[in-house]
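Hi everyone, thanks for making time. I'd like to walk you through one structure today, so please have a look at it with me.

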Amino acid sequence: MAFVGMKWLLKQAVNIAGIGENTKAANVCNLWDKVILEKFGEGFSAKAMAIKFKDGTLEVRAASSASAQELELSKQEIIDEINRKDGQNILFRIRFVA
């Protein structure tokens, strides 16, 4: 009998349970918080909250149009950093909602 890695078994269990997408969404939202904190600081992190992740798109609620505009200017850098921290290209778009 061959040894099966624990990481593979956990991934399979998550997929079978149907919670894989929820896990991805939670991870991307957590990475959003970390990247925004690192890039803009604690004062700004409360001005933009990740609210939904689905099919490679992260929806973010910005506190104001000025906050959304500032984030829009750094959008590609944020996407690249989240993907780097996640270890795969999971995030393709960020959409700001009111």
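Let me start with one term: two strands pair if DSSP finds at least two bridges between them. Helices (H or I, at least four residues) and strands (E, at least two) are DSSP runs, numbered from the N terminus.

A word on where this comes from. What you see is a predicted model, where local features need pLDDT of at least 70, side-chain atom pairs count only at pLDDT 80 or more, and totals for chains, interfaces and linings use all residues. Residues are numbered from 1 along each chain as its sequence is written, and side-chain values use heavy atoms, with hydrogens and water left out.

Now the overall picture. The protein has five helices and three strands, and along the sequence they follow the pattern α-α-α-β-β-α-α-β. Of the 98 residues, 33% are buried; buried means under 20% relative accessible area, exposed means over 50%, and partly exposed is in between, with a 1.4 Å probe and protein chains only.

Let's go to the sheet. Its three strands are in the order β1-β2-β3, the sheet is open, and the pairing is mixed. Strands β1 (48-54) and β3 (93-97) stand at the edges with a single partner strand each, so one side of each has no neighbour in the sheet. On average, neighbouring strands are turned by 30 degrees against each other, direction ignored.

How do β1 and β2 run relative to each other, parallel or antiparallel? They run antiparallel, and six bridges join β1 to β2, which spans residues 57-62. Ala48 has Ala62 in β2 as its bridge partner, and Phe53 stands opposite Leu58 in β2. The two strands form a hairpin with two residues between them, and Asp55 in that turn has a positive phi of about 50 degrees.

Five of the six residues of β2 are buried, so the strand is largely enclosed by the rest of the structure.

Which residues of α5 are buried? They are Ile78, Ile79, Ile82, Asn83 and Asp86. These residues cover an arc of only 130 degrees around the axis, which puts them on the same side of α5; the arc is that of the directions from the helix axis to the C-beta atoms. Just after α5, Gly87 takes a positive phi of about 90 degrees.

Finally, a quick look at Asp33. This residue sits in helix α2 (residues 20-40) and is partly exposed, with a relative accessible area of 40%. Asp33 and Ala48 are 15 residues apart along the chain, and their C-alpha atoms are separated by 8.7 Å.

That's my tour, and I'm happy to take questions!

Terms used. Axes are lines fitted to C-alpha atoms, for helices over the stretch in contact, and angles run from 0 to 180 degrees between N-to-C directions.
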